[in-house]
Amino acid sequence: MVRKALATALLVSVLGAAGCKHDTPAAPDVWAVVNGQEIHRAEAEKYYKSRLNPQAPTPSQEEALSLTLNILDELINNDILIQRAKKLGLEATDGEVEDKFTEFKSPYTEDEFQRQLKDRGVTTSDLKDDIRRQLSVQKLINREVVAKISITDQDVSNFYNQNRAQFNVAEPQYRIAEIKITPQKDPQLHNRKNDDAATDVEARRKAAALLEQLANGADFTQLAMDYSEDPATASSGGDLGYVPDSSLNQSDPALKRAVVGLKVGQISPIIQLRDGYHILKLVGKESPGQREISDPQVQQSIRDTLRNRKEQLLRSAYMASARDDSKVANFLAQQVIESNGKLPEIPKMGSTALPSTPPSNLPSKTPAAPSQP
């Protein structure tokens, strides 16, 4: 799961936003300067194009400029952190880059790998550069932020006592994973094999073949990442999390019958629903009642929550401090203000596909936790 998430993110990886202003650029193609290091228009446009969906409507000039400004801010933050990593001797080595490149590439055949690069408009060199940047920033954040986080037993106890009701399970809950196969193509689908059935016949055959592999001992999570056609869950191995009994009551009766009929660890036969063919696995089940602090799952859940909160806070503070220590000139922002939002011309290749937040494995103004390899 993490490998695929990292693979997808690396193809478009840039970092979070940092606003700036100031002087006149040394050359027309210089859109920003970070501590004397130039960021060129071509670099920002490369990432801009990687975030477009050619099948969607063309963005307006304002939308295109807004996306471009966001990307440039991400590149500015990226340069700030990379420069700091180099200064502290934390830049990723050639060996680390090659190891991660090999790990990223391993789920694909050579043809699939080249197609992934082509679809995203990047080269092998671009990808390795992104890997180096991401690993360097990860090493920096691990040392400067993550290593400073400590969660005590008292922290866990205090959280539990303040949020006791949160650990009262009101109804049976089922943790479900699924492999979903649909009878039509989905342009948003990106499973690891780039495998997407186009007809009902293809979907039925694919589902049957996957069920046979599962019966022969194949790993459910790996098959879901490789072949599931649910864009929302394929990258996480089909994990739907815990589904309460009341939600199952509102679903297709065939789906509920399949879930409640499974024992933990069992896999269902193929279930045909209106949206396609499903294969389910019951990963876990919780009975109603109060979960006590002595429960290892409760302990781990609280520690994860507290660690994530502290990491978000420290990362945000660290990024703000790093920006304050940097000299940044954002010439594109200055041009946009001076031209009343009309310049410069931005490439038009389709609609923006920018997520609401920067890639989750990289820091931003309010950074998310990094993906771990």
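**Close-up views of a predicted model**

**View 1. Helix 12 is the top contributor to the lining of the second largest pocket, giving 4 residues.** Everything shown here comes from a predicted model. The second largest pocket holds about 210 Å³ of space. Helix 12 (296-324) and strand 4 (168-169) are the elements that each give two or more residues to its lining. If you want to find the spot, look for Gln-166, Phe-167, Asn-168, Val-169 and Gln-173, which are among the lining residues. Tyr-242, Glu-286 and Arg-291 also belong to the lining, as do Gln-297, Gln-300, Ser-301 and Asp-304. Sorted by class, the lining has 6 polar residues, 3 charged ones and 3 nonpolar ones.

**View 2. Here is an open sheet of 3 strands, in the order 2-1-10.** The pairing is antiparallel. Strand 2 (37-40) and strand 10 (328-330) sit at the edges, each pairing on one side only. From one strand to the next, the twist averages 20°. Zoom in on strand 1 (residues 30-34) and strand 10, and you'll find 3 bridges joining the two. Which residue in strand 10 is the bridge partner of Ala-32? That partner is Asn-330.

**View 3. Now for an open sheet of 4 strands, in the order 6-5-8-7.** Pairing in this sheet is antiparallel. Which strands are at the edges? They are strand 6 (239-244) and strand 7 (271-273), and each of them pairs on one side only. Ignoring direction, neighbouring strands of this sheet are turned by 45° against each other on average. Strand 5 and strand 6 pair over 4 bridges, in the antiparallel sense.

**View 4. Helix 8 and helix 9 both lie across strand 5 and strand 8.** Helix 8 (200-215) runs at about 35° to strand 8 (276-286). For helix 9 (residues 220-227), the angle is given against strand 5 and comes to about 45°.

**View 5. Asn-35 has a positive phi, although it is not a glycine.** Most residues other than glycine have a negative phi. The phi of Asn-35 is about 50°. You'll find Asn-35 in the loop between strand 1 and strand 2. Its relative accessible area is 39%, so Asn-35 counts as partly exposed.

**View 6. Asn-194 is another residue with a positive phi that is not a glycine.** Here phi is about 55°. Asn-194 lies in the loop between strand 5 (173-181) and helix 8. How much relative accessible area does Asn-194 have? The value is 31%, so Asn-194 is partly exposed.

Conventions: Residues numbered from 1 in each chain as written. Predicted model: local features only at pLDDT ≥ 70, side-chain atom pairs only at ≥ 80, totals over all residues. Heavy atoms only, no water. 1 Å grid on protein atoms, 1.4 Å probe; cavity = no way out; pocket = protein on both sides within 12 Å on 5 of 7 lines; lining within 4 Å. Points joined across faces, edges and corners; volume = space filled by probe spheres on them. Nonpolar A, V, L, I, M, F, W, Y, C, P; charged D, E, K, R; others polar. Pairing = 2+ DSSP bridges. Axes fitted to C-alpha atoms, helices over the stretch in contact; angles between N-to-C directions. Buried < 20%, exposed > 50% of the residue type's maximum accessible area, 1.4 Å probe, protein only. Contact = heavy atoms within 4.5 Å.
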